[in-house]
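Subject: Structure for your review

Dear colleague,

Please find below the structure that I am handing over to you.

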Amino acid sequence: MLPVVFCVTVLGWTFILGLFTVMDSTQVLTALLDGQYAEFIQALGFGILDLIPFTLSFSFLFLFFYLMRHRTSWYLSAPIVIVLAFVSIVVLIPLSWNFSSTLSQARRALDLSLSVRINRVLPPGIVRQGEDGTKAVWFMESDDGMTVYPVITLGGGGSLKTPALSVYDSCVYEPSSGSLVSNGQAIVPKAGEANSPLATLTQSIPFLGFFRSVTIPVLTGLREASYRGAWGYYIEAGSLFLAVLSLWAFSFSTGWRLLNLLSTLAAFSAIYYLYPEFHSGLAWQRLSGFPWLSDRPDLIGPLCYAALSCLVLLFIGGPAALRRLRRQPAGGDHV
C-alpha cells in the first residue's frame with residue numbers, strides 16, 4: 001500500500017496547495033471574477049507543476065504517518081520508501097520541469113493576458129462601496145476594459161440640496177489612478193486593480209505568506225542546481241530528500257502518536273526554513289571560509305543537510321529504535 005498512499009498523497013496535496021497558492025495571486029483572482037475560467041485553470045496547472053518538488057518531499061511524511069498506524073516489516077517498507085525517493089529525484093521532478101519547459105510559450109501568453117487584465121476596470125454588475133460611503137455600479141464594459149456604461153452612483157451622506165443618485169452614460173477608466181472619469185472628473189475613485197480593495201488570500205491567511213517564504217528558496221535552489229549539471233542537481237536534491245527521510249525517526253520517537261506527528265511536521269518545516277541559512281546565510285558564510293570548501297561552495301548546503309540527517313538518526317532514531325527493540329518480543333521485526 002505504500003506506493004498507493006504516496007501517489008494519492010502527491011496528487012491530493014499538489015492540487016490543494018496549488019489551488020491555495022494560485023488563489024493568492026490578485027491577477028488570477030481577477031480572471032476568476034471576470035469569468036475567465038480557462039485562464040484560472042491554466043494558472044492552476046502551472047502552479048501545480050511548480051509545486052511538484054515540494055509536494056513529493058512533503059508526501060513522505062504521510063508515508064511515515066501511515067506506518068505509525070500500520071505496522072510492517074522494516075525490510076519491506078524501508079526499500080519501498082527509498083525507491084520512491086529515488087524515483088522522485090531521478091524521474092518525477094525532472095519530468096515536471098521538462099513538461100513545464102515545453103509549455104513555456106503558453107505560460108508567457110498567460111502571464112501577458114493576466115497582466116493586461118490587472119490594469120483594467122473591475123467586472124460590471126457588482127455594487128461597490130468606496131471609503132467615503134459612496135456606492136457605484138456599472139452594467140457593461142468595452143472589450144478593452146477601458147470604458148464602462150452606464151454608471152450609477154449613490155452618495156454616502158451627501159447634502160439634501162443635491163440629488164444623491166447620479167447616472168452617467170459612460171465613464172473612462174484611468175489605469176494610473178484606478179478611477180472612473182467623466183468629463184475630467186473622478187466619479188469612482190477605486191474602480192480597477194491599481195487600487196482595488198480586493199484582498200488576496202495572503203492577507204487573510206497568514207500561513208500562505210509563510211508557506212511561500214520557506215518553499216520558494218528551496219524550489220529555486222533545486223532548479224539552479226540543475227543548471228549546474230545532473231550531478232549538481234542529484235547532490236542537492238539527494239541531500240534534501242535524505243534529510244526528509246531521516247524524519248522517519250520522529251514517527252516512533254515517543255509512545256504518543258500525536259506528539260510524533262507534530263514533531264515530524266515541525267522538523268520538516270525546519271528543513272525548509274534552514275535552506276537559505278545553509279546556502280547563503282551565516283552558516284554558509286562561515287563554512288565557506290574553510291580551505292577545502294572555498295572552491296566548492298555548492299557542496300556546503302548538501303553537507304549541512306547530510307550532517308543534520310546524521311544528527312537526527314543518531315539522537316532521535318537511535319534511542320527510539322533501542323526502546324522499540326526492548327519492547328518487542330524476541331525475533332520481532334516490525335517498525
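A polar atom in the side chain of Ser-253 lies 3.0 Å from the backbone oxygen of Phe-250. Please bear in mind that this is a predicted model. The side chain of Ser-253 also makes a polar contact of 3.2 Å with the side chain of Asn-260. Ser-253 is placed in the loop between H8 and helix H9 (257–273). Because buried means under 20% relative accessible area, Ser-253, with a relative accessibility of 13%, counts as buried.

Salt bridges

How many salt bridges does a search of the whole structure find? The search finds three.

One of them joins Arg-107 and Asp-50, whose closest N and O atoms are 3.2 Å apart. Arg-107 belongs to helix H5 (residues 104–118) and Asp-50 to helix H3 (residues 37–69), so this pair ties together parts that are 57 residues apart in sequence. Both residues are partly exposed: Arg-107 has a relative accessibility of 21%, and Asp-50 has one of 37%.

Another salt bridge is formed by the side chains of Glu-236 and Arg-228, at 3.9 Å from N to O. Is Glu-236 buried or exposed? With a relative accessibility of 2%, Glu-236 counts as buried, whereas Arg-228, at 48%, counts as partly exposed.

The side chains of Arg-296 and Asp-298 also meet in a salt bridge, at 3.0 Å from N to O. Arg-296 is partly exposed, with a relative accessible area of 39%, and Asp-298 is partly exposed as well, with 24%.

Strands

Strand E3 (residues 147–154) pairs with strand E2 (residues 135–141) in the antiparallel sense, over six bridges. Within this pairing, Glu-141 stands opposite Val-148 of E3. E2 and E3 form a hairpin with five residues between them. In the turn of this hairpin, Gly-145 has a positive phi of about 70°.

Helix H1

The buried residues of H1 include Leu-2, Val-5, Phe-6, Leu-17 and Met-23. Thr-9, Thr-14 and Thr-21 are also among them.

A nonpolar patch on the surface

Which residues form the nonpolar patch on the surface? They are Val-83, Phe-86, Val-87, Val-90, Val-91, Leu-95, Trp-231, Tyr-234 and Ile-235, with about 840 Å² of accessible area together. Helix H4 (74–102) and helix H8 (230–246) each supply at least two residues of the patch, and H4 gives the most, with six. Phe-86 is found in H4. Since exposed means over 50% relative accessible area, Phe-86 counts as exposed at 54% relative accessibility.

Yours sincerely,
A colleague

Note on methods
Residues are numbered from 1 along each chain as its sequence is written. This is a predicted model: local features need pLDDT of at least 70, side-chain atom pairs count only at pLDDT 80 or more; totals for chains, interfaces and linings use all residues. Side-chain values use heavy atoms; hydrogens and water are left out. Buried means under 20% relative accessible area, exposed over 50%, partly exposed in between (1.4 Å probe, protein chains only). Helices (H or I, at least four residues) and strands (E, at least two) are DSSP runs, numbered from the N terminus. Two strands pair if DSSP finds at least two bridges between them. Patches are made of residues with over 30% relative accessible area and no salt bridge: like charges are joined within 9 Å, nonpolar side chains (Val, Leu, Ile, Met, Phe, Trp, Tyr) within 5 Å. Accessible areas come from the Shrake-Rupley method with a 1.4 Å probe; for residues, only the protein chains shown count as cover. A salt bridge is a side-chain nitrogen of Lys or Arg within 4 Å of a carboxyl oxygen of Asp or Glu. A polar contact is a pair of N or O atoms within 3.5 Å; within protein, one must be able to donate a hydrogen and the other to accept it, and residues adjacent in sequence count only if both atoms are side-chain atoms.
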